[in-house]
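User: Could you walk me through this one slowly? I am new to reading structures.

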Amino acid sequence: MNILYDERVDGVLPDVDKTGLLLALHTQWPDLEVLQHQEELKPYECDGLSAYRTTPMLVVLPRTLAQVQGVLRVCHERQVPVVARGAGTGLSGGALPLEKGVLLVMARFNNILHIDPAARSARVQPGVRNLAISQAAAPFGLYYAPDPSSQIACSIGGNVAENAGGVHCLKYGLTVHNLLQVDILTVEGEPLTLGSQALDSPGFDLLALFTGSEGMLGVITEVTVKLLPKPQTARVLLAAFDSVEKAGRAVGDIIAAGIIPGGLEMMDNLAIRAAEDFIHAGYPVDAEAILLCELDGVEADVHDDCDRVREVLRLAGATEVRQAKDEAERVRFWAGRKNAFPAVGRLSPDYYCMDGTIPRRELPGVLKAIAALSTEYELRVANVFHAGDGNMHPLILFDANQPGELDRAEALGGKILELCVKVGGSITGEHGVGREKINQMCAQFNSDELTLFHGIKAAFDPSGLLNPGKNIPTLHRCAEFGAMHVHMGQLPFPELERF
Amino acid sequence: MDDFDDSARLLEQVNQALQYPTPLRIQGGNSKAFLGREVAGEVLDTRSHRGVVSYDPTELVITVRCGTPLSELADVLDAAQQMLPCEPPAFGDQATVGGMIASGLSGPRRPWSGSVRDFVLGTRIITGHGKHLRFGGEVMKNVAGYDMSRLMAGSFGCLGLITEVSLKVLPKPRQCSSISLDMDSDRALLRLAEWAQQPLPISAACHDGQRLHLRLEGGEGSVTAAHDRLGGELLDPTYWADLNEQRLDFFNADQPLWRLSVPNNTPRLSLPGAQLIDWGGAQRWLKTDADAGFIRSIVEEVGGHAICYTSGLTESPFHPLPTALLRYHHSLKQQLDPQGIFNPGRLYAEL
């Protein structure tokens, strides 16, 4: 089934009078930058998930909030779908445009409005880059904790929309745990403040609801994040194992010892070799798995924790445990992990990055099943894993120029995600559903749950104009998708008519 | 009482209520009945649906049924040297897990650890459409679909019946030490803002009008070093439970009690009555006879909100919402509970 918007199963979109819309926008905002020619629209046809591309009808690049509000009002009046976009680094196609829609680019809103060291907060516009917040807070000894690997480029508005994670989530939480306030405009252009500058606010927790809602409920116009004092010190241990199972058990043992590492990452042999080849981080290339365990905090505690973890790793059967002897080596150990994706990219013309989560205890079984799927689909899979929080990033290696390989990669990816759901996990830990995992949502949620999600959408955007087709599949899509996976002769969603 | 899955009965009662329709007053231990507006409705007692569904300490996740006593949850975690870091207050020995989530109240560690909502990973909910559904899960990271689970925290039962919840838990700190320093509240607020910008292992900070009380938690090294640096006298650690459960003398005074939630660096608020500063400055308790409108105008000025903790004193114990926001609360309620059977009016008269 085509992953691009398909009106047959995703819902009919209103036909837009493009000339009338352009005229309305121009009359109201003569200064508003609007892109409409094919060559200008081209750069906006995809986000970080470049396998899927759609040329938007128009791209608007507002510079003021009044313009954003105006664009939303005009689009609402004329029933024009709107897709909001930040830096466009998302990996699930959450900002994939629509042929019949406006792409609302918020990247120009890139001002840090206020860093308040006494309140430990930063008030920023949505187009501010994730890393720029930490850089601006650094002179005060503070930083913004969530660090998705795209942090040099991704913007905070997108981080909120996707509830972005990173390698330090187990200890420091996701985006949702590090926000105080988000200001939004509704589909009608009405401003709302969710959360507050205090630690809580009256009423329902709409701040939590909007975080990770993938631009379906409103457009983010301002974000206040919490800042934390920078840990005094960080040390990293590298442990090698002769089996993935042993490495997986070691992770549980570290936590059982009462230690919550700042970062805890696992890589399998294919990923280790790729990273070592690329970065020369000093990884043991004959190990079946390595663990990177970062301990951060106050010097004395980190020293004690390192001793404890080293002992735990030894007892868990590590063939080798190394502690980075200085900051340079610590950075090198991490560089291998942080560049694992491009490193794997050197092994193969294309790769497809998955984002499932599982309860950690299921790791050995899931890795075995992935290996079996890899053989079945005749595609190599490298495994990189945020081991501390159960977030897997299997990388499927393929060559898009070989007929059928992209389809096989997608099918294999889908199987891996369904496997995650089966063992009690989720189809996405931090990349979001977007367009990419829209079909797998049908495996994770039943029709009543999806119906409730549609109800939430309707509470904020009854006409369904904000980012249509993302995050929550229609029941018709699930019926059609399910029809391809008839289980024991039982058709899922039998109550729905088939087209 | 034994562990028991009584969800079928809960679902049946909801479905019956939907049929007529009859408003339901969701009730666990009834320990937080004093909070919010009074609900007229048939009692839906959750306490028979109880017990730990699953708990694997190395996964740092526990799944519990809503009627489980909070004390039982604490005991189970305690046995594995773990805890729910947000320290939800119980207000008596009857409190249940469902009430803890629905009220969303957190204790002294909240500014450093996060709130009840921050530890929610997944829920099962009986909806206003008479369905028993599952959202979120038992994994730390999960961004599939809208975050229904965290939305349920603090919703006071107005959006549906929470039957089960999965919570993130953490190991207990290795070392804990409490101290008390002699300083006035202005100075205390300044020092707290300063210390919060440094990697100090503070996990609770409260000023009672005379003295600043601090709790230090972490490894042996950091706690000892912070203790040496900050000085002060040792404080009996039961202080924090007494503060959390409102057993300190401060709470006994005969005047109405208000909770003020303000930005953490807000200076001392000029309000009549006695104040106690908690959450390192972000939460202020106020004992006063002052008028609700006056209190709220002062707190709004600094970007905060005020909840009345004394039952029956004001028509709207929760801080009134701006009109636009209330409208979206209303449409959300309409979608999730179209017949308005779940705790109608508990949060606001209109919901």
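Analyst: Let me start with a term: a residue is buried if 20 or more other C-beta atoms lie within 10 Å of its own, exposed if 12 or fewer, and partly exposed in between, with C-beta atoms placed from the backbone. By that count, buried residues make up 57% of the 499 residues in chain A. Please keep in mind that this is a predicted model, in which local features need pLDDT of at least 70, side-chain atom pairs count only at pLDDT 80 or more, and totals for chains, interfaces and linings use all residues. Residues are numbered from 1 along each chain as its sequence is written, while chains are lettered from A and ligands numbered from 1 in the order in which they are written.

User: ok, and how many helices and strands does chain A have?

Analyst: Chain A has 18 helices and 18 strands, where helices (H or I, at least four residues) and strands (E, at least two) are DSSP runs numbered from the N terminus. Its radius of gyration is 23 Å, close to the 23 Å that the globule rule gives for 499 residues, so chain A is as compact as a globular protein of that length; the radius is taken over C-alpha atoms, and the rule is 2.2 Å times the number of residues to the power 0.38.

User: And what about chain B, how many helices and strands there?

Analyst: Chain B has 11 helices and 17 strands, and buried residues make up 52% of its 351 residues. The C-alpha trace of chain B spans about 65 × 50 × 35 Å along its principal axes.

User: Which residues of H11(A) meet H7(B)?

Analyst: Ala300(A), Asp301(A) and Asp304(A) in H11(A) meet Glu220(B), Gly221(B), Ser222(B) and Ala225(B) in H7(B). The axes of these two helices, residues 299-315 of chain A and residues 220-230 of chain B, come within 6 Å and cross at roughly 165°; axes are lines fitted to C-alpha atoms, for helices over the stretch in contact, and angles run from 0 to 180 degrees between N-to-C directions.

User: So what do you call that arrangement of H11(A) and H7(B)?

Analyst: H11(A) and H7(B) are therefore roughly antiparallel to each other, given that angles under 35 degrees count as roughly parallel, over 145 as roughly antiparallel, 65 to 115 as roughly perpendicular and the rest as oblique.

User: New topic: is His227(B) buried or partly exposed?

Analyst: His227(B), which lies in helix H7 of chain B, has 18 C-beta neighbours inside 10 Å and therefore counts as partly exposed. Leaving out residues up to four places away in sequence, His227(B) touches Ser177(B), Ile179(B) and Leu216(B).

User: Last one, what is the phi of Glu214(A)?

Analyst: Glu214(A) has a positive phi of about 55° although it is not a glycine, whereas most residues other than glycine have a negative phi. Glu214(A) sits in the loop between H8 and strand S10 (219-226) of chain A, and with 28 C-beta neighbours inside 10 Å it counts as buried.

User: And where is Gln81(B)?

Analyst: Gln81(B) lies in the loop between helix H2 (70-79) and strand S5 (82-83) of chain B, and Gln81(B) has a positive phi of about 60°. With 12 C-beta neighbours inside 10 Å, Gln81(B) counts as exposed.

Notes:
Two residues are in contact if their C-beta atoms, placed from the backbone, lie within 7 Å.
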